[in-house]
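Colleague: Got a minute to walk me through the helix packing and one of the pockets?

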Amino acid sequence: MRISLLPLFLLALPLLEIAGFVIVGRQVGALATVGLVLASSVAGMLLLRHQGFGVMARVRAEMDAGRDPSRQLAHGAMIVLAAILLIIPGFITDIFAILLLLPMVRDLAWRMLKGRIVLATDFSTGGFRTRPRDKTIDLDDSDYSRGDDYTRGPDPNSPWRRLKDE
């Protein structure tokens, strides 16, 4: 039986953050500690605002070039996660956020996660393109009626019939 460590980590994280506040507060002072927490939160908000638009532009560029945008999308998601971790007060979450901001750490995380992600589409066709339509049926006024004219049965010369038989 496999036991996940995530619930244990989530329970221990606030205690570790409080211990971090005490240790940093002892070294630099209480006011400087509060200033560092506020500065990291502001940096996280600015990063989240700035990177949101940048990620979408990079994903769109990859799709327009006909390449798989999953790597750019994963990197963008990790940057957004880093910004959220910066907004959360605490120094341990800030350390994880700074690690996620490093491109080599994101590449390592992407290599580890890539095998677990299933693509629902193939991006080798050149990005967004409309599907080619197989057949177009052009009806005349005599081919279409809205009334209750079903008493004589379906018209054997109708274009709808020809399409079905082909």
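Predicted model: local features only at pLDDT ≥ 70, side-chain atom pairs only at ≥ 80, totals over all residues.

Colleague: Fine. Which residues line the second largest pocket?

Modeller: The lining consists of Met78, Leu81, Leu85, Phe96, Leu99, Leu100 and Val105. By class, that is seven nonpolar, no polar and no charged residues.

Colleague: Which elements give two or more residues to that lining?

Modeller: H3 and H4 do.

Colleague: And how much space lies in the pocket?

Modeller: About 170 Å³.

Colleague: Now the helices. How do the axes of H3 and H4 cross?

Modeller: At roughly 155°, with the axes of H3 (residues 70–87) and H4 (residues 91–101) coming within 8 Å. Angles over 145 degrees count as roughly antiparallel, so H3 is roughly antiparallel to H4. The crossing is left-handed.

Colleague: Which residues make the contact?

Modeller: H3 gives Met78, Ile79, Leu81, Ala82, Leu85 and Leu86. H4 gives Thr93, Asp94, Phe96, Ala97, Leu100 and Leu101. The classes are ten nonpolar, one polar and one charged.

Colleague: What about H1 against H4, where do those axes stand?

Modeller: The axes of H1 (residues 6–28) and H4 come within 7 Å and cross at roughly 105°. That makes H1 roughly perpendicular to H4.

Colleague: Who touches whom there?

Modeller: From H1, Phe9, Leu13, Leu16, Glu17, Gly20, Phe21 and Val24. From H4, Phe91, Ile92, Thr93 and Phe96. This contact has eight nonpolar, two polar and one charged residues.

Key:
Residues numbered from 1 in each chain as written. Heavy atoms only, no water. Axes fitted to C-alpha atoms, helices over the stretch in contact; angles between N-to-C directions. Helix = DSSP H or I, 4+ residues; strand = E, 2+ residues; numbered from the N terminus. Parallel < 35°, antiparallel > 145°, perpendicular 65-115°, else oblique. Left-handed = near helix turned anticlockwise from the far one by under 90°. Contact = heavy atoms within 4.5 Å. Nonpolar A, V, L, I, M, F, W, Y, C, P; charged D, E, K, R; others polar. 1 Å grid on protein atoms, 1.4 Å probe; cavity = no way out; pocket = protein on both sides within 12 Å on 5 of 7 lines; lining within 4 Å. Points joined across faces, edges and corners; volume = space filled by probe spheres on them.
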